[in-house]
Amino acid sequence: MRIIKTESYDAASRACANLIMAQIVTKPDCVLGLATGSTPIGTYENLVRMYKDGDISFAAVNSVNLDEYKGLSPENDQSYRYFMNDHLFSHVDIDIKKTNVPNGLEPDANKACEDYEEIIKKLGGIDLQLLGLGPNGHIGFNEPCDEFVKKTHCVDLTQSTIEANSRFFASMDEVPKQAYTMGIQTIMNARKVVLIATGKNKAETVKKAFFGPITPSVPASILQLHPDCTVVLDADAASLV
Ligand code: GLP
């Protein structure tokens, strides 16, 4: 595991975008695993700039997103499909048919999750998976629990995640209580992983996840076993390590 400590959120976002740019430059038809949350927004802004400057093209890229709220439509401005269109897809030359997000409107959880695993398999796996870090150590929506769940699955969000994500919704009642998420093995099978964590509120979790024991109670800790994982931090998130 490589840890890159940077000075600021902007520097972390640039570093993270550079790693993704390197992936696209070396393999233009790569499969990118993408993430949502507020942290990667700066990374996406940098990727859009690189595209506008003519440094990269997404024309041959396929993408698979980590997760989606169960029950939200792509038009709902809190859905992760909407987020991706808004922050990246509508600003670059990616073919929207090559972008994949779990189907939040599929009520049959088994079907939604099996279909998504099949999509990833057909694409030949993920070349680079971008991750954020939940305040409780979750990756995607793999919440702290007693054992690592391997494949894409439907998860009951913990109260702390519902509270953390309520800042994006009009009220707590509107926050979905379930989500579809790639599993730990789905993520670990990615050939490269890049995790970005910034801000003081992630410092304790960064310390636990990357310098503590590997445990499903801190799901991101499994990344210590990944053969090619880079963790990009700003000074605040790195302040305890
Ligand atoms: C959500 C997403 C995660 C993300 C996390 C942290 O729960 N499912 O993929 O990493 O939020 O979000 P933020 O970057 O806003 O702290």
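Welcome! In this structure, 14 residues surround the ligand, and the closest are Ser38, Thr39, Asp67, Arg167 and Lys202; a residue counts as near a molecule if one of its heavy atoms lies within 4 Å of it. This is a predicted model, in which local features need pLDDT of at least 70, side-chain atom pairs count only at pLDDT 80 or more, and totals for chains, interfaces and linings use all residues. Residues are numbered from 1 along each chain as its sequence is written, and side-chain values use heavy atoms, with hydrogens and water left out.

**The ligand and its surroundings**

- The shell around the ligand is made up of 3 nonpolar, 8 polar and 3 charged residues. Here Ala, Val, Leu, Ile, Met, Phe, Trp, Tyr, Cys and Pro count as nonpolar, Asp, Glu, Lys and Arg as charged, and the others, Gly among them, as polar.
- An N or O atom in the side chain of Thr39 lies 2.4 Å from an oxygen atom of the ligand. This is a polar contact, meaning a pair of N or O atoms within 3.5 Å; within protein, one must be able to donate a hydrogen and the other to accept it, and residues adjacent in sequence count only if both atoms are side-chain atoms.
- The backbone takes part too: a polar backbone atom of Leu133 is 3.3 Å from an oxygen atom of the ligand, and a polar backbone atom of Gly140 is 3.2 Å from a ligand nitrogen atom.
- On its own, the ligand has 390 Å² of accessible area, and the protein covers 96% of that. Such areas come from the Shrake-Rupley method with a 1.4 Å probe; for residues, only the protein chains shown count as cover.
- The ligand sits in the largest pocket, where sitting means that more than half of its atoms lie within 2 Å of the grid points. On a 1 Å grid over the protein atoms alone, a pocket is an open set of points where a 1.4 Å probe fits, with protein on both sides within 12 Å along at least five of seven lines.

**Strand residues**

- Helices (H or I, at least four residues) and strands (E, at least two) are DSSP runs, numbered from the N terminus.
- Thr181 belongs to strand 8, which spans residues 178-181. Thr181 is buried at 0% relative accessible area, where buried means under 20%, exposed over 50% and partly exposed in between (1.4 Å probe, protein chains only).
- A polar atom of the Thr181 side chain lies 2.9 Å from the backbone nitrogen of Phe141.
- Tyr180 also lies in strand 8 and is buried, with 1% relative accessibility. Its side chain reaches the backbone oxygen of Glu106 at 2.5 Å.
- Leu233 is part of strand 10 and is buried, at 0% relative accessible area. Leu233 and Phe210 are 23 residues apart in sequence, with 12 Å between their C-alpha atoms.

**Loop residues**

- Asp127 is in the loop that runs between helix 4 (109-122) and strand 6 (128-131). Asp127 is buried, with a relative accessible area of 6%, and its side chain makes a polar contact of 3.0 Å with the side chain of Arg191.
- Ser221 is in the loop between helix 7 (203-211) and strand 10 (229-233). Ser221 is buried at 0% relative accessible area, and its C-alpha atom is 5.7 Å from that of Phe210, 11 residues away along the chain.
- Ser217 is found in the loop between helix 7 and strand 10. Ser217 is partly exposed, with a relative accessible area of 40%, and the C-alpha atoms of Ser217 and Asn201, 16 residues apart along the chain, are separated by 18 Å.

How values were computed:
On a 1 Å grid over the protein atoms alone, a cavity is a set of points where a 1.4 Å probe fits but cannot get out, and a pocket is an open set with protein on both sides within 12 Å along at least five of seven lines; lining residues have an atom within 4 Å of a point.
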